Structure formats: C-alpha cells, structure tokens
Amino acid sequence: MKSVNLLILDDKEENIISLSALLADIQHINIISSTDPNEALKICWKNDIAIALVDVQMPGINGFEFVSLLKSNPKTNHIMAIMVTAISKEDKYLLQGLKSGAVDYLYKPLNPEITVAKVISFIKQIHIQEEIKQKNIALEESRKQLILAKEEAEEARKSKESFLANMSHEIRTPINGIVGIIHMLRSSELNDEQKDWINRLDTASNSLLLIINDILDISKIDSGMMKIEIESFSIRKKLADIKNIFKVKALDKQLDFDVDIDPLLPEYIKSDPLRIQQIINNFISNSLKFTESGNITLKVAVLEKTLHAVTAQFTVIDTGIGIKPEAIEKIFLAFEQGDDGITKKFGGTGLGLAIVKRLADLLNGKVEAKSTYGDGSAFSFQATFEQTEELPPEEKIDKKVFSTLEKFDNLTILIAEDNDLNSFMLAHMLESWGCHVDIVKNGRQAVENVNQQDYDLIMMDTHMPIMSGFEAIKEIKKHANPKKAYIPIITISASVLEHEQAAAYEAGADSVIGKPFDPVDLHQKISKLISKKTAIS
Ligand code: ADP
C-alpha cells in the first residue's frame, strides 16, 4: 500500500514532537512537520501531502487562514485538514474551522486513542479515494479505447464495403468471361466428348460462382446491405419449381424425393420468394450431399392460419449421416461444419446454414435443426406470412441457347469493356444476334467513338481505366447532338452492391445488367430499349 504524507503544523516544537510520537506506530504514513505556516504552505505545494494536522492558534497566519489558503489553491485543495485546538469547543470555532475547509477537529490535550483512530480512519479514506481515482482513470482510458475501437470498426466496415464492391467486380468479371465462353462453345459444333467437357466446365464454374455468391451474401447481410424484396407470389408454384429441380438431382443419387404440402397452405403469400427458395434449396442441397440412401422429404405444415396470415413451417427431412449432438449447436454459425472430417469428405465452406439463419432472421422467421447421429436430420424454417389473393404478373423465363434467339435488325453496338475475354464473348453473342459491334477499352475512347460514329446502343462496363463508365455515360448523355445523347446505354456491372447499380442509373444509364449475365436477359433488355427508341424517334 502506498505511504501517505502527513503534515503537522504547530508553532510549538514540543507539540510537534509529542504528536509525532503519538502517530509513530501508524503504518503507511510519512510525517513531515513545520512550525512556520509559510514554510508549511511551500511544503504542501512541493510535496504530495494528503493530511494536514493544523494548530489553530499561531502567530501571523492562524490555523483557519492556513486551511483557507490550502483550499483556495487547486494544487493543495485536496488536502484533508484536521484542526488541532486548545480553545473552547464552542460551536462558532467549530463552524469557522469547517467553513475554512477543515474536515475534523482534535482537541488539546489530545486523547491518544481518539487521535490515532481518527488519523487511521482518514488514511483509510485517502486510500479508498486513491483507489477510486485509479479506477476512474482506468475507466476513462477504457472509454477512450472504446471510442477508438468504435471508430476503427466503422473504418473497417467502410473498407469492407469497398473491398466487397471491388472483389465482387474483380472475381465476377473473369467468371463472366468463362460462363460466356461456355455459352459460345455450347452453340458450336461439338462431339460428345467435348460436350461432356463443356458440361464439366459448366458445373465447375457454377460451383465457383455459388461459393463466391455465398461469401458475398454473408458479407452483404453482415454489413446490412442485403435487401429483402417482399412481393406477392405463388408459394405453391415455388414449391413445384423446387420439386422439379431436386427430383432429378435426387434421382441421380438414387434417392426418393417427395414434397408433402399441407392442404391448408394458401396459393399466394407475401414474402421474398428468392430468399425463401434460397433457404429451402440450401436445406435440400445439404440433405442430398449428406444422404447416401433412403429418402428426402420437404414437408410444408401450416401451424396457424387466420383470415389474413399464415404461419408455415418448411421442414427438410433426410435419412442421411446425421449430426453429432455437440455439433448441432454450432452448425448455424459461419464456417462451422459438423466435424472436421466433413470438409475432406464432402467439401463445402460451412457458410450455407449461416446464410440461412441470417436470411430467416431478415424474414422474421426462425430455423431449427434436429438430428440423430447416423439416422438422419430434419432442418426447418418457420415464419408468418401475409396471405394474398393477388395474382402477381407471370414471369416468362425462356431458357434458350443464345444463338437461337431472334436476330436484331442490323444494330450497331459499341462495347466499352477493358476485359478482353468479356468483350470478345459479348461481341460474339451480339454478332450472333445480327449486330455490328465496335469494341473500345475505356470510357474516353467510348466518348470519342460516339463523337465519330452513329450507334444504336452502347454496352458500358462501369469500372474501366482512364475514364470510368459512369463518367463516360455522363459525357454522352449531355452530348450537344440529341441523337447521340439519346443512345440507350446498358451498363455491365459485376458489383453486387445496390448503390453501385443505383449510381449507374444516376449517371444516366438506361438499364443495368449484372455479371455474369443471362444471355436471354440481355436479349430482352436490348429489345425493350430498341423498341422504346424506335417509338420515340
Ligand atoms: P457446408 O455444407 O458448406 O459445409 P453448411 O453451413 O450448409 O455448410 O452446413 C454446415 C454443416 O452442417 C455441414 O458441414 C454438415 O456437417 C452439417 N449438415 C448440414 N446439413 C446436414 C444434413 N442434412 N445432414 C448432415 N449434416 C448436415
């Protein structure tokens, strides 16, 4: 324990000697004394004095004045002053002492026990005060560190967001090229062996895309950028689609796949169909992965139904390898797998269920896993949905080989894209649709080409060197020649971030297409923009 400095101020030397002798046995004090108030003040300024025992009656400065001086100086106002007095115990003196800032009185002749007890109790107080002071300092320090950590976390979130935007662009751009070339090869003359190679390449690039999408999804959710899009849709049709997809896959593994739907399930509900499908697909894909024989069932149960709402539970039950009880708690956490051998044997990143859990949260639902190790598992998602009678517009997605799509009427299209593989693939696709194509590698060249030639449409990558797609669009859209300013522009964005797509529209783009894109989707977008342009001109 730290020693406390105690000052004795008394004009009579003999009083100092007797008081010092009285306090000599007290631990953790260091006694300093003086017979002169002026010298005592200097001692207080220079040394860290904690307690002062001050005689009241002194020539020159009396005890009360001395204590007032201590209290008026910020350097010494913390000192605990105890008045030592032989004068009357009348209240007016007591009050004068307390008013000047003293904390207590000792009366002469000093009672040794009371004096020692009082000093010990003040030392204890000082130690407690010191402890509180240290704790306050530590508290203040941790408050500063917390603020710093918060700022750092905010910085990290921002750099994560821009990393996400860049990474999604950088990774998806080459995959876009690969997927495009696969499309091109598919529509060329191939022998059976080559068709098999293409199928394998297709599977590999799709699983690469799935992994990247998983990583992007979890980062998007964690940084609050995942948007849930609520709409009316036919849940029964969605379940039928899921059945069609997985029936074939289950058959490949010689597994039975059934969908058992509660007759109480309504036709239309309001939710995000894409995310619901993502959750159920994930459960079924896992069941397919971890089941060698037996069957997989998707059971849809209605738990509660009112006039406008329905609580439904989607459970995928399998007869697979099951999960150990100690692992079941962890599997909804990111990067967690049932056991360490799983990756070696089955592959996977451990992200699927973590995404499912987060998506379920975003849909105000919950997920649950039950399993008997060695016998099988049941994964369920439960949520309450609004029921609707509304018929959503039918989406017609026509999956065709791109080269069989309808030809355009001699369109001249400018492609601005710095990635050679992508522009090559895109040019090939557009040429197969009867378009004439020019390729440039940056925004500046795009603007120059637009100045020199006439185009029906521009395909513009957003991230390019020298001049970005955004800047080039802005320049073209304010072209002095209205014919040029009205050329429809489709941006090609590999970013998954909505604000990047919004930025493209803000710059003046007429449409946005993602990377990798579906050729049918691009064909539809071009048809729409061209017919709109023809209608205007
Ligand atoms: P991944 O399958 O990519 O490893 P998931 O998050 O989808 O990641 O699953 C996490 C883990 O949960 C899996 O590695 C596996 O151990 C376990 N698991 C999930 N579904 C099943 C299932 N149907 N049967 C057995 N184990 C499962």
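Visitor: At what angle do helix α6 (residues 192-222) and helix α11 (residues 352-362) pack?

Guide: Helices here are DSSP runs of H or I with at least four residues, and strands are runs of E with at least two, numbered from the N terminus. Axes are lines fitted to C-alpha atoms, for helices over the stretch in contact, and angles run from 0 to 180 degrees between N-to-C directions. The axes of α6 and α11 lie 10 Å apart, and the packing angle is about 40°.

Visitor: On what kind of model does this rest, and which pLDDT do side-chain atom pairs need?

Guide: Residues are numbered from 1 along each chain as its sequence is written, and side-chain values use heavy atoms, with hydrogens and water left out. This is a predicted model in which totals for chains, interfaces and linings use all residues, local features need pLDDT of at least 70, and side-chain atom pairs count only at pLDDT 80 or more.

Visitor: Which residues of α11 make the contact with α6?

Guide: Contact means heavy atoms within 4.5 Å. On α6, the contact is made by Asp214, Asp217, Ile218, Ile221 and Asp222. On α11, it is made by Gly352, Ala354, Ile355, Arg358, Leu359 and Leu362.

Visitor: Which residues of α11 are buried?

Guide: Buried means under 20% relative accessible area, exposed means over 50%, and partly exposed lies in between (1.4 Å probe, protein chains only). The cover over the buried residues of α11 includes α6, α8 (273-290), β11 (366-372) and β12 (376-387). The buried residues of α11 are Gly352, Leu353, Ala354, Ile355, Val356, Leu359 and Ala360.

Visitor: What are the edge strands of the open sheet of five strands?

Guide: Two strands pair if DSSP finds at least two bridges between them. In this open sheet the pairing is parallel and the order is β2-β1-β3-β4-β5. Pairing on one side only marks the edge strands, β2 (29-34) and β5 (104-107).

Visitor: Which residue of β3 is the bridge partner of Leu7?

Guide: Strand β1 (residues 4-9) and strand β3 (residues 49-55) run parallel and are joined by five bridges. In β3, the partner of Leu7 is Ala52.

Visitor: What is the relative accessible area of Leu53?

Guide: Leu53 has its place in strand β3. Beyond its neighbours within four places in sequence, Leu53 is in contact with Leu6, Leu7, Ile8, Leu9, Leu19, Leu23, Ile82, Val84, Leu106 and Val119. Leu53 counts as buried because its relative accessible area is 0%.
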